[in-house]
Amino acid sequence: MHSFLVLSLLVLRIACPAKAHGYVAQVSIDGKIYIGNVPNAQPTPSIIRQIDDISPVKGASNPYMNCGQAAQLAGLVANANPGSQFQFWWKDGDGTNWPHNIGPIMTYMTSCVGTTCDKYNSTNAEWFKIEETGLQPGNITWYQQNIMDGWPANVTLPSNLAPGQYLIRHEIIALHLATALGGAEFYPSCTQVNILGSQAGTPTSSEEVTFPGGYSDTDPGIYDPTVFNTPVQYTFPGPPVATLVTSSSSSGSSSSSLPPYTTATPVTATPTATGQGMCKLQAQQTLAMKKRHPGALSRIMAVLIKGMHN
């Protein structure tokens, strides 16, 4: 069986040299769908800030850690409420499912101080974390696997969130290359919302971070030489989830295991390149077989999967 797994990865490495990256193609708020723009395409009005490249942000000090690759202001701001249910639909650049399944999903918010979010420059924004989602029970499979399988990432806003205009920074960190320093792949995406209501929940200054600045390349949850060892022991990077979330009647915790709303059908994105989505999916599904054979193959498989993404 070990020989079969290694041979499978070698074959896939030869057959599938294309890179696998992606972006947020669609957001739904309480079941209402908002379509995003394909990276680097002619933009149309959206609440999702458009990026110009599906490639990951590399390096925790990269200025694109803020909202993604050269993210541009979006033209729309969507209304939402404290406790609103958000769904973020991730796609590969070729229109197929999100291609990665190793690493956390986290969501931050920041107030669009002094203006509306469609005009807000978030370069110096101070972000607070409202959720972090990592491993499913058993500490072998990541919730990111559900996104690879075609499900959205589900996020509940804090039920006591103060009204105002906010950016929501929803992020996947892909850790398939994180056994090497600087190998982590960051995929931040920003969505512009206007929170209604009359609640009063706000973060404390000690719970806020900037991006870049919120992470270091040497943080345990970003540089992780043991990420392929099961059961996985993982430490989330960044600040803790803000106390306004933990004190809220809504937990604010994301659960990518939840099924999508029946009104929020997945978007079919226009491909940005001739991709080999199925081939890439097969490669990472082969790697997922590792969970049934922990330990011995960790380093070999990590090297092989790294080669498929370089």
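1. The model is a predicted one, in which local features need pLDDT of at least 70 and side-chain atom pairs count only at pLDDT 80 or more, while totals for chains, interfaces and linings use all residues. Residues are numbered from 1 along each chain as its sequence is written, and side-chain values use heavy atoms, with hydrogens and water left out.

2. The protein contains five helices and ten strands, where helices (H or I, at least four residues) and strands (E, at least two) are DSSP runs numbered from the N terminus. Of its 310 residues, 55% count as buried; here buried means under 20% relative accessible area, exposed means over 50%, and partly exposed lies in between, with a 1.4 Å probe and protein chains only.

3. Among contacts (heavy atoms within 4.5 Å) with a separation of 6 or more, 80% are between residues 24 or more positions apart. The accessible surface of the protein comes to about 12500 Å², and 55% of that area belongs to carbon and sulfur atoms; the areas come from the Shrake-Rupley method with a 1.4 Å probe, and for residues only the protein chains shown count as cover.

4. An open sheet is formed by four strands in the order 2-1-4-7, with antiparallel pairing; two strands pair if DSSP finds at least two bridges between them. Its edge strands, each pairing on one side only, are strand 2 (32–35) and strand 7 (153–156). Strand 4 (residues 85–92) runs antiparallel to strand 7 and is joined to strand 7 by four bridges, and F88 stands opposite A153 in strand 7.

5. Two disulfides are found in a search of the whole structure, a disulfide being a pair of cysteine sulfur atoms within 2.5 Å. In one of them, C67 and C190 have their sulfur atoms 2.0 Å apart. C67 lies in the loop between strand 2 and strand 3 (78–80) and C190 in strand 9 (residues 185–195), so this pair ties together parts that are 123 residues apart in sequence. The torsion about the S-S bond of C67 and C190 is about -85 degrees, so the disulfide is left-handed. C67 is buried at a relative accessible area of 4%, and C190 is buried at 0%.

6. C112 and C117 also form a disulfide, with their sulfur atoms 1.9 Å apart. This disulfide is right-handed, because the torsion about the S-S bond of C112 and C117 is about 100 degrees. C112 is buried, with a relative accessible area of 5%, and C117 counts as buried at 0% relative accessibility.
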